[in-house]
Number of protein chains: 2
Amino acid sequence: MSRSIRAANREALERLLRARPAWTGVLPAAEALGLRGRALLHAGPPIAWERMCEPMRGAIVALVLLEGWARDVDEALALAGSGEIALAPCHSRGAVGPMTGVISPSLPVVVVDDPVHGTRACSYIGEGSGPQAKFGAHAPEVLERLRFIRDVVGPALHRAVEAEGPLDLVNLMAQALAMGDEMHMRNAAATALLVRAIAAPLARALPEPSRLEAVLRFMTRDNDQLFLTWAMCAAKTGALAMEGAAGSSLVTVMARNGVEFGIRVAGLGDAWFTAPAPLVSGAFFPGFTEADANPDIGDSAIMETYGLGGMAMAASPAVLRIVGGQSFAEAVATTQRMAEITVGRNPNFGIGALDGEGSPTGIDVRRVVETGHVPAINTAITHRRFGVGRMIGAGIATPPLQPFVDALVALGRAQGAAAATAVTPR
Amino acid sequence: MSRSIRAANREALERLLRARPAWTGVLPAAEALGLRGRALLHAGPPIAWERMCEPMRGAIVALVLLEGWARDVDEALALAGSGEIALAPCHSRGAVGPMTGVISPSLPVVVVDDPVHGTRACSYIGEGSGPQAKFGAHAPEVLERLRFIRDVVGPALHRAVEAEGPLDLVNLMAQALAMGDEMHMRNAAATALLVRAIAAPLARALPEPSRLEAVLRFMTRDNDQLFLTWAMCAAKTGALAMEGAAGSSLVTVMARNGVEFGIRVAGLGDAWFTAPAPLVSGAFFPGFTEADANPDIGDSAIMETYGLGGMAMAASPAVLRIVGGQSFAEAVATTQRMAEITVGRNPNFGIGALDGEGSPTGIDVRRVVETGHVPAINTAITHRRFGVGRMIGAGIATPPLQPFVDALVALGRAQGAAAATAVTPR
C-alpha cells in the first residue's frame, strides 16, 4: 500500500516538475472560465453567503456593482443575500483568487496554459495599493480602478501577449527567485521582469501614448505584488498536473475563505478537508493590530502548494521584513523544515544561498502528520470590517493540522476500498 | 599623523555615504563633458596610442569612424597613430568607461548628479550583446548600433528623465542589491528596475510607437548589464565626494587600460599609481580560453571603489555562476575579507544574507598593505585580438599590490611634507 502511494507521489512530483506554464492571454472570466449569468467565484473552500466573512462580502458587493446587477450597496447586499447569485470556489473552475478571490463574469483574468498537460489556470489582475476589491473594498474609486483594469489594462495586455507569443513563467520565476522573491509575499523582482518582458510588446499593441502611459504607470507604480496573479496561475497549473496522479498523498490545494482553511489531495479529487482558518501572526502596518485582522484568507497558498512562498524562505532575505522579523538563519531553517514535509526539490527553482539546491516541493499529508510540521504560508492580512478592504499587514500563517489528518484518514479508506474492489489480481 | 589620517578617512567615508547620485539626463559627451574637437577619452590610467592594447585600439577606430574623422579602418588607424587625436583618461573628466571606455564627442553619455556635493559623473550607454565598440569591435553593424544609440536611444532617454525628474540611484541600487545584483557583473535586477522606472515616462516622451518599441526592445533584450553605466556613474560621484577629504588614504579610483592597473587616493589628488594589469581568472565562454584574453581592462572597478561589486559578493549568489564557481560560503567569506581592507560599511546597501549588514566600503591603502588583501574585482573579459571586440568570459581580477604600496609611501611623504611646512602650531 505504502509503496503504491510512494510511486503515485513520485509521479505527481514529476508531473508538477514537467509543467511549463506560460502566460497566453487576458480574457473576461465569462470567456476564460465559462462564468456566465449571475455567478461569482470566491477564494477558499465552499461557503454560503450567510457564513462569509465581511471582507468577502465587501468584495462581492464590489463585483455585483461592477457587473451592474445592483445600483447601490444595499441592493447589492440584498441580491447577494437572496441566493440568486451562484457562488462557487475559484478552485472549482481551475481558477485561483488572492485574498477574497471574488471573480465576476466581466472581470478580465490572466490566462496561463500548461501545454505539457493541456491544463489552464486563471486569476484576476491585482489592483495595486490602497483600498481594493481584492481585500473587500467597494468604494467608488475602487470600482473606477476595476473598470480601468477591465476596459484598458486587460485588453492591452491581451493584445500584447497574443502578438508576442506565450511567456514562459517557470523561466521568469526562476530568475525572480534568484532576485529574492519567494513569489507569494514578495514579487518585486518578478513584477519588474514582467514589465521588462511586456513593455516593448505593449508599445506595439497599444499605439495610443496616453493609454499606454496609463497602463505602464499602473503596472510600475506601487504595484510590486502585480506578478502574484501570474505566479498563482503558474502554481495552479502545477497543482492541476499533480491531480493526474491517482492515489497520491500530495496536497494539490491549500486555500482559505476567511472562515475556513481547506486542503485537497491528489488522490482524493475535489474533496475538501477543512478546519477553522487561523489568525496570521505577523507585522502590522502602523495603526493596526491583530484585533483588526480577518482570519487567514485567499487562494494564494497555492504558492506553497507549488513549492514557493514559505517553502522558499531561504531564497528571500527581503521577505523577512515584510512578514515579520526573522533572521536569515531562521529563514534557511524554515526551508529546511519544509523539506521534511515534501517529497522532493524543484531543480528549476534553485536557491542561491543553498548553492542552488531546489525549493522543497510536493507537500505530503503523510509527512505533515508524521512530523507535525504544517506548511509555513506567507500571506497578507486584510481588515476584518465590512468595506474597509485594505491590507493591514503581513505574516506567516500556521494552518491547522486537522485537515491533513482527515485527508490522510480518507486516503487510507480510499486505498482500502480500492484494494477491496480491485478485480484484477496481480 | 595616523590620527589625522583616521579622521580624514572618516570624513571621506561620511562624504561617500552622504552622496545621493541621481540620474538627470543623457547628453552628447561634447555637451556633458566639454569633449570637443578631435578628442577621445579612454579607460584606466593615461596611456599613449603606441602602448594601447588591441581592444582599445579597435574601440578608438570605431569611435573615429562614428565621428566621421576617417572613412575606413586604415584611415582611422593612421589618424590615431598620427597623434592628432587628443587622448585622456575618462577619470580626468569625471567620466567612467566600462571595458575600453572610449568616449567621443557625439556619443551620448548618461549624466548622474550628486546634489549633496555638487558633482557630476558620466558614462556611455552599454550596447547589449555580441560585438561591441565597448569591447573593441568596429564592424559596420557595431557602428549602426552606436548610431541608433546616439540618434534614438540617447535623446529618448533624455526627454523621459528630464520630464520625470531625477531618478534616485542609491534607492534603486539598494533594491537591486536585495535582488542579488552586486552591480558590477550582475545588473539584471537593476536593469529591470530601471526599465520599470522609465517605461511610462518613455511612453510619454516618445509618442512614436515604432521608435518607442525599438528603444524598449534595446533596453529589455539581451541587455542585462545595461544598468552598469548608471551604477558606474553613481559610484563615481561617491568617489568624487571622497576626493574632498584632504589627507585621506582611501582609494578613489581603481581603473585599468588593458595594459596597466592604476589607483588614485583621496589624499593625493589625481596622481596615478600603476603596475601591469593582471590577467583575470574566471569562467570562459565555450570556445575561448585564457590565451584569448586581454589583461584586465576598464573603469568599472569604480564599483568596488564604491563598496559594491566584489565587495558585495555575499549579496549576489547569482553572480557566482557568472564569475566562476565559488560556493555561497566563499562569497560570504570574500565580503568578510573585504571588510578587513575597508574603513566602514554602507548602511544604504544592507546585505540580506548578513541580516542587513552593510557592504564593506572605503578601501584604505594602509589596510591593503597591512593585510596583503587586495580588492576582489568582478569583471568581464574581452578578446585580446584587434577587431574581435566581444566578451569571452568573466571572472575575478586580483589587482597587483604594488600601486597600493606606492600610494602609501607617497601619502607618507606628502604627510611629512605637510607637517614640515605647517606654520600654524597646535
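User: How many residues of chain A are in contact with chain B?
Analyst: This is a predicted model, in which local features need pLDDT of at least 70 and side-chain atom pairs count only at pLDDT 80 or more, while totals for chains, interfaces and linings use all residues. Residues are numbered from 1 along each chain as its sequence is written, with chains lettered from A and ligands numbered from 1 in the order in which they are written. Contact requires C-beta atoms, placed from the backbone, to lie within 7 Å. Chain B contributes 26 residues, and the number from chain A is 26.

User: Which helix gives the most to the side of chain B that touches chain A?
Analyst: Helices (H or I, at least four residues) and strands (E, at least two) are DSSP runs, numbered from the N terminus. On that side, α7 (188-205), α8 and α11 (317-323) of chain B each supply at least two residues. With nine residues, the top contributor is α7(B).

User: How do the residues of that side of chain B divide by class?
Analyst: Ala, Val, Leu, Ile, Met, Phe, Trp, Tyr, Cys and Pro count as nonpolar; Asp, Glu, Lys and Arg as charged; the others, Gly among them, as polar. The side of chain B that touches chain A divides into 17 nonpolar, four polar and five charged.

User: How are α7(A) and α8(B) oriented to each other?
Analyst: Axes are lines fitted to C-alpha atoms, for helices over the stretch in contact, and angles run from 0 to 180 degrees between N-to-C directions. The axes of α7 (188-205) of chain A and α8 (209-220) of chain B come within 8 Å and cross at roughly 165 degrees. Angles over 145 degrees count as roughly antiparallel, under 35 as roughly parallel, 65 to 115 as roughly perpendicular and the rest as oblique. So α7(A) and α8(B) are roughly antiparallel.

User: Which residues of α8(B) make the contact with α7(A)?
Analyst: From α7(A) come Arg196(A), Ala199(A), Ala200(A), Ala203(A) and Arg204(A). The residues of this contact divide into six nonpolar, one polar and four charged. The α8(B) partners are Pro209(B), Leu212(B), Glu213(B), Leu216(B), Arg217(B) and Thr220(B).

User: Which strands of the open sheet in chain A stand at the edges, and why is one side of each left without a neighbour?
Analyst: The sheet has four strands in the order β5-β4-β1-β6, with antiparallel pairing. Strands pair if DSSP finds at least two bridges between them. Each edge strand has a single partner strand, so one side lacks a neighbour in the sheet; the two are β5 (119-124) and β6 (167-168) of chain A.

User: What is the bridge partner of Val109(A) in β5(A)?
Analyst: Strand β4 (108-114) of chain A runs antiparallel to β5(A), joined by six bridges. For Val109(A), the partner is Tyr124(A).

User: How many residues does α3(A) give to the side of domain 1 of chain A that touches domain 2 of chain A?
Analyst: Chain A is divided into domain 1 (20-230) and domain 2 (246-418), with bounds from an automatic or database domain assignment. The contact takes 43 residues from domain 1 and 45 residues from domain 2. On the domain 1 side, α3 (54-67) and α6 (169-177) of chain A each supply at least two residues. The most comes from α3(A), with five residues.

How values were computed. Two residues are in contact if their C-beta atoms, placed from the backbone, lie within 7 Å.
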